[in-house]
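Dear colleague,

Please find the structure below, followed by an account of what was found in it.

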Amino acid sequence: MNTRRMVKDNFSGHAADYARYRPTYPQELMTQLAGLAPARQLAWDCATGNGQVAGMLAPLFNQVVATDISENQLKNAAQLPNISYRVEQAENSSLPDQSADLIVVAQAVHWFDFDRFYQEVKRILKPDGVIAVIGYGLLSTHPALDNVIQHFYNKVLDGYWDPERNYLDEGYRTIPFPFQELELPQFSSRYTWTPDDLIGYLNTWSAVKHYEKQQGYNPVQLVEKQLRDAFEGETTTVTFNILSRVGKLPNSQPF
């Protein structure tokens, strides 16, 4: 199957908002992934964005290499002594052969050329090293607010999502994953958000940016009053269920 695709960068233009409003991952998830790795020498955070995951891996590994195609995203990344940031494509890393104990891709693998990226994974992973593809789908709150969000997601933004978004809607179960799969427990991230927090997050959606570019105005404005009216009180609990595919090289041997 030919999975070659053009590399897309939908996020450089709003890197600061991305750093401020995008959800993070549970530290327990990173601890569990580190526990599956054969050693704690080096982790590669591929498509690091604003360095969220790199910062969480830094206390767990001697060295973290964090790469992204967006220099603007990296300018918003956490600076720690054992994190090395590099502007690189996922499919063309400067990491040496069999150098990484753990490779993590957070909310990004759906943008990659799967064939080329997985060849890099197979080249870079140590024997018994671990590849973890993680992400999150549509957030959930309470029924009245969920209805407004789902209408916005499915109806207002219909036709403005990149086709790769379907992989997230399908819980990453339909991505190619040519590895010996490991099971993880279900993780989730929960926050207490104000209406402004929610609106800030919606403004980071790639489909919102596509809509704004094509139509000349921000579609969040179309539902902002409904969103605010649907809040029950000044804040609400927001939940992101974490998607994950975790594996090792088949037979724990490098390709």
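Lysine 126 and aspartate 101 join their side chains in a salt bridge of 2.9 Å, N to O (a salt bridge being a side-chain nitrogen of Lys or Arg within 4 Å of a carboxyl oxygen of Asp or Glu). Because lysine 126 lies in strand 5 and aspartate 101 in strand 4, the pair ties together parts that are 25 residues apart in sequence. Helices (H or I, at least four residues) and strands (E, at least two) are DSSP runs, numbered from the N terminus. Aspartate 101 counts as buried, at 0% relative accessibility; buried means under 20% relative accessible area, exposed over 50%, and partly exposed in between (1.4 Å probe, protein chains only).

This is a predicted model, in which local features need pLDDT of at least 70 and side-chain atom pairs count only at pLDDT 80 or more, while totals for chains, interfaces and linings use all residues. Residues are numbered from 1 along each chain as its sequence is written, and side-chain values use heavy atoms, with hydrogens and water left out.

The structure holds nine salt bridges. Among them is the one between aspartate 97 and arginine 123, at 2.8 Å, N to O. Aspartate 97 lies in the loop between strand 3 (83–87) and strand 4 (100–106) and arginine 123 in helix 5 (residues 114–124), so this pair ties together parts that are 26 residues apart in sequence. With a relative accessible area of 53%, aspartate 97 is exposed, whereas arginine 123 is partly exposed at 24%. Arginine 123 also forms a salt bridge with glutamate 120, the closest N and O atoms being 2.8 Å apart. Both of these residues lie in helix 5, three residues apart, about one turn of the helix. Glutamate 120 counts as buried, at 10% relative accessibility.

Lysine 248, in strand 8, is buried yet has no salt bridge. The nearest side chain of opposite charge, that of aspartate 128, is 4.2 Å away (Lys and Arg count as positive and Asp and Glu as negative; His and the chain ends are not counted). Leaving aside neighbours within four places in sequence, lysine 248 is in contact (heavy atoms within 4.5 Å) with Leu36, Asp128, Gly129, Val130, Phe179, Gln180 and Leu182.

Two backbone angles deserve a note. Most residues other than glycine have a negative phi. Aspartate 128, in strand 5 (residues 125–136), has a positive phi of about 75° although it is not a glycine. Its relative accessibility of 32% makes aspartate 128 partly exposed. Tyrosine 172, in the loop between helix 7 (165–169) and strand 6, likewise has a positive phi, of about 65°. Tyrosine 172 counts as buried, at 0% relative accessibility.

Finally, the largest pocket holds about 220 Å³ of space. On a 1 Å grid over the protein atoms alone, a pocket is an open set of points where a 1.4 Å probe fits, with protein on both sides within 12 Å along at least five of seven lines; lining residues have an atom within 4 Å of a point. Grid points are joined across faces, edges and corners, and the volume is the space filled by probe spheres set on the points. Of the 15 lining residues, Arg173, Leu184, Leu243, Ser244 and Arg245 lie nearest the centre of the pocket. Strand 8 gives the largest share of the lining, five residues.

Kind regards
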